[in-house]
Amino acid sequence: SKWVYRFGGGEAEGRAADVERLGGKGANLAEMASLGLPVPPGLTIVADACVFYFNNNRTIPDDLKTQVLEGITVIEGQTGRVFGGKAKPLLLSVRSGARASMPGMMDTVLNLGLNDETVQALGHDAGDARFAWDSYRRFIQMYADVVMGLDHEIFEEILEDEKARLGHDYDTDLSAVEWQHIVSLYKRMIEDELDTSFPQDPHVQLWGAIRAVFSSWMNPRAVTYRMLHRIPEEWGTAVNVQTMVFGNLGSSSATGVAFTRNPSTGERELYGEFLVNAQGEDVVAGIRTPQSITEEGRIASGSEKPSMEKLMPEAFAEFRAICDRLEIHYRDMQDLEFTIERGKLWMLQTRSGKRTTRAAMKIAVDMVEEGVITEEEAVCRIEPPSLDQLLHPTIDPRVERHVVGSGLPASPGAATGEIVFTAEEAVEAEHEGRKVILVRIETSPEDIHGMHAAEGILTTRGGMTSHAAVVARGMGIPCVVGAGSMRVDMRNELLIGGGGVTLKRGDTVTIDGSSGQVLKGAVPMIQPALSGDFGKLMAWADKTRRMTVRTNADTPQDARAARSFGAEGIGLCRTEHMFFEGDRIHVMREMILAEDEKGRRAALGKLLPMQRSDFIELFSIMHGLPVTIRLLDPPLHEFLPKTEAEIAEVAKAMAMPPAFLARRIDAIHEFNPMLGHRGCRLAISYPEIAEMQARAIFEAAVEAGKLTGEPVELEIMVPLVSLRKELDYVKGVIDRVAEDVAKETGVPIAYLAGTMIELPRAAIRAHVIAETAEFFSFGTNDLTQTTFGMSRDDAAAFIPTYQRKGIIEHDPFISLDFDGVGELIQMAAERGRRTRNDLKLGICGEHGGDPASIRFCENADLDYVSCSPFRVPIARLAAAQAAI
Ligand code: ADP
Ligand code: MG
Ligand code: MG
């Protein structure tokens with residue numbers, strides 16, 4: 001089989017499209033060579049050879065050996081040099097290059113082919129002995145590290161000792177003789193450490209390096225990187241064997257890296273760094289400070305050291321022209337590596353450059369305006385989740401961070417405030433106009449109002465799907481969870497951080513929900529910008545998508561935020577959240593704990609105006625757009641008083657002995673409330689609750705219609721239905737109230753009544769349920785929970801283990817389980833539409849903001865997705881990409 005692809009001399013056997021075979025680096029070297037760019041000739045060993053190597057007990061196939069040697073003969077012809085030759089020795093670099101870019105994860109060996117004889121020849125040929133010995137010591141150090149497994153630091157120690165002894169500050173100060181001496185020290189060190197001498201045969205060196213690069217595919221760094229970036233192990237890495245060019249050949253030589261545009265701002269300006277008289281690794285190693293490539297960059301950085309533009313104007317001009325050409329050719333911003341050998345420019349690498357979201361946005365928009373890419377391509381260039389970075393304030397990257405602890409980055413953005421330890425304090429502070437960070441061991445539904453009031457949330461326990469994390473993401477509030485290195489001392493109101501830093505209540509902290517860091521004090525921030533490039537790109541996305549994007553909003557605050565992010569309606573308004581606000585919880589408790597219908601109606605009478613005014617505000621904000629209101633869903637016990645003090649307070653308000661009340665609370669207790677007396681079951685047991693809610697909704701609709709002159713598109717949603725008759729019963733209540741309100745107000749009321757599909761039985765019986773339901777909204781949180789029989793609140797205990805052991809790939813509560821839950825959705829959608837072909841279909845679980853799940857919804861032909869306000873832009877973009 002063909003194991004080897006050659007490149008160089010204006011042609012190449014491979015192309016950019018051959019990444020699977022040649023790896024990113026090899027494919028792009030081939031592409032550059034075939035474009036006629038100055039690329040040192042070389043060859044690429046295909047990634048399959050690496051796969052073969054591992055599958056066959058680390059052996060190298062014979063025909064691979066032959067093909068490499070043939071390739072080297074061709075390179076010798078092209079360069080007029082001989083590998084291992086005693087006159088004009090050919091030196092090689094051996095470089096890894098996988099299909100996906102894994103920067104710095106695997107190994108490279110430079111200057112291969114040097115030994116005690118060729119080093120003399122190299123020096124003679126270049127007329128520079130210092131350069132030859134410098135190259136040789138570099139080679140020994142790299143080879144010993146990569147191939148022989150000796151830590152490079154022991155060589156650096158030798159070098160530092162020698163520099164100190166000789167009184168030199170810089171490597172460039174050393175003479176040929178001094179380098180030669182260091183080489184002998186290096187070789188002796190290898191003999192002492194490994195009981196073997198440094199290999200002198202270039203062919204032994206070559207195969208040693210090729211094996212080492214193959215093996216580096218399995219080094220721990222690479223394995224971890226692959227896991228984090230979901231790169232399959234089966235790919236293997238290609239190996240590039242390439243003629244060396246020398247940036248360390250005196251003051252007219254240099255090496256550097258560059259981006260064709262600024263990778264942090266996206267500005268259209270060449271951006272890069274270089275070092276004179278150096279080889280590649282020096283730029284990264286940070287031994288010397290690199291210089292700016294352009295004059296502009298030099299001035300901006302305030303550096304005295306001359307730019308490449310000034311120092312090597314011809315090479316610079318050629319380089320700039322190549323940058324422009326490559327950008328147009330690849331139609332994307334490029335990240336380049338180059339070397340200049342005695343004034344002659346050589347290209348060593350090009351690839352699409354990594355960039356910040358801000359830069360990605362600017363580059364995509366600029367490239368459309370420059371006519372390089374289409375609007376649809378621009379839309380596809382942005383990773384939807386990365387938009388998160390733009391929607392929240394972020395910590396100014398230029399400032400120093402005083403980190404006192406860290407946890408999981410649960411909800412992006414940064415926030416600063418005083419430390420408070422209870423939800424009540426947070427609410428109080430909000431009233432007084434103070435900004436706070438709510439610090440808890442973990443949060444629970446009772447903390448919701450405090451979470452709303454806080455600028456940010458920090459917990460010391462819990463994972464990415466803990467209550468705090470899910471709620472904070474929903475609210476768009478920065479949040480760090482599971483900061484295990486920190487401890488909350490509730491009694492003394494202290495937050496104790498790593499390194500013994502103790503913070504008191506009222507002290508200022510900053511949390512960075514994008515990195516998980518907790519910082520002491522206030523830190524300068526960068527504010528989000530939703531106009532400009534962001535606005536343009538989102539407008540293109542909106543033009544492209546088919547599905548509408550709604551939001552899950554419970555409060556006017558949510559609704560306003562969501563509209564500003566471009567939400568086209570509310571897909572889920574959870575009415576129960578309204579009952580936690582302020583004093584309402586007391587009235588709610590009275591209602592729940594009432595002995596009979598009469599008592600309940602009395603309490604409901606007090607709740608009605610509160611709920612109505614909420615809806616008037618919500619409808620006014622959302623006028624003209626659809627709003628789906630869900631009737632009360634959670635089990636009643638969530639509202640019950642818990643502490644003795646709370647029970648006493650409620651007892652007093654209800655003129656009831658506390659002991660009596662405690663018995664009522666016991667009676668309401670459920671063993672498994674999530675599968676208990678909740679959803680439509682409540683409305684069937686206590687129809688007066690549904691009646692009150694329906695009345696509040698309709699009266700508010702009439703009122704808001706008058707205020708805004710534009711009616712809301714009203715949708716009333718019944719939760720947790722599994723039987724058609726459940727829906728029939730509750731819809732009966734709703735319809736009756738609608739008629740009453742219409743009669744009382746003289747205003748006709750239009751609305752749809754529908755249901756959530758969140759139980760497997762409902763999905764299976766969708767064709768029957770659709771006889772009554774006018775819309776379905778897939779409640780994928782509960783549907784996932786009930787399909788798997790896996791409690792969302794408890795799943796954090798085993799999901800990570802499942803992922804680690806490869807039993808599931810991703811958390812089904814975050815990204816939809818296509819095979820199981822997805823199949824139910826598809827089935828319900830089909831069956832429902834068979835009964836009612838204009839059945840409106842949407843999704844309102846956490847998944848409504850997850851790009852992979854959104855793609856699924858597009859394919860399942862849903863009408864809309866609904867997600868938390870801060871995910872609306874992400875959903876708009878993901879829906880557009882799904883439609884392309
Ligand atoms: P990485 O994937 O970590 O960037 P590379 O294979 O690109 O590793 O090699 C790192 C550096 O080594 C390059 O940026 C370049 O400076 C240097 N290098 C690689 N090949 C050559 C070569 N043929 N001639 C001179 N320098 C080279
Ligand atoms: Mg590189
Ligand atoms: Mg539900």
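This is a predicted model: local features need pLDDT of at least 70, side-chain atom pairs count only at pLDDT 80 or more; totals for chains, interfaces and linings use all residues.
Local features need pLDDT of at least 70 and side-chain atom pairs count only at pLDDT 80 or more, while totals for chains, interfaces and linings use all residues. Residues are numbered from 1 along each chain as its sequence is written, and chains are lettered from A and ligands numbered from 1 in the order in which they are written.

Let's start with the overall layout. The protein chain splits into domain 1 (70-243), domain 2 (254-355), domain 3 (393-526) and domain 4 (545-635 + 670-883), with bounds that come from an automatic or database domain assignment. The centres of domain 3 and domain 4, taken over C-alpha atoms, sit 30 Å apart. Nine residues of domain 3 and 14 residues of domain 4 make the contact (C-beta atoms, placed from the backbone, within 7 Å of each other). On the domain 3 side, helix 18 (448-453) and helix 19 (467-475) are the elements giving two or more residues, and helix 19 has the largest share, with three residues. Helices here are DSSP runs of H or I with at least four residues, strands are runs of E with at least two, and both are numbered from the N terminus. That side of domain 3 has two nonpolar, six polar and one charged residue; Ala, Val, Leu, Ile, Met, Phe, Trp, Tyr, Cys and Pro count as nonpolar, Asp, Glu, Lys and Arg as charged, and the others, Gly among them, as polar.

Now for ligand 1. It is surrounded by 17 residues, the closest being Ser93, Arg95, Thr108, Gly280 and Glu337 (C-beta atom, placed from the backbone, within 6 Å of the molecule). Domain 1 and domain 2 each give at least three residues to this shell. Strand 6 (92-98), strand 7 (108-112), strand 8 (237-243), strand 12 (334-341) and strand 13 (344-352) each supply at least two. By class, the shell has six nonpolar, nine polar and two charged residues.

On to the helix pairs. The axes of helix 5 (residues 129-146) and helix 7 (residues 176-194) come within 8 Å and cross at roughly 20 degrees; axes are lines fitted to C-alpha atoms, for helices over the stretch in contact, and angles run from 0 to 180 degrees between N-to-C directions. Helix 5 and helix 7 are therefore roughly parallel (angles under 35 degrees; over 145 is roughly antiparallel, 65 to 115 roughly perpendicular and the rest oblique).

Technical notes:
Two residues are in contact if their C-beta atoms, placed from the backbone, lie within 7 Å.
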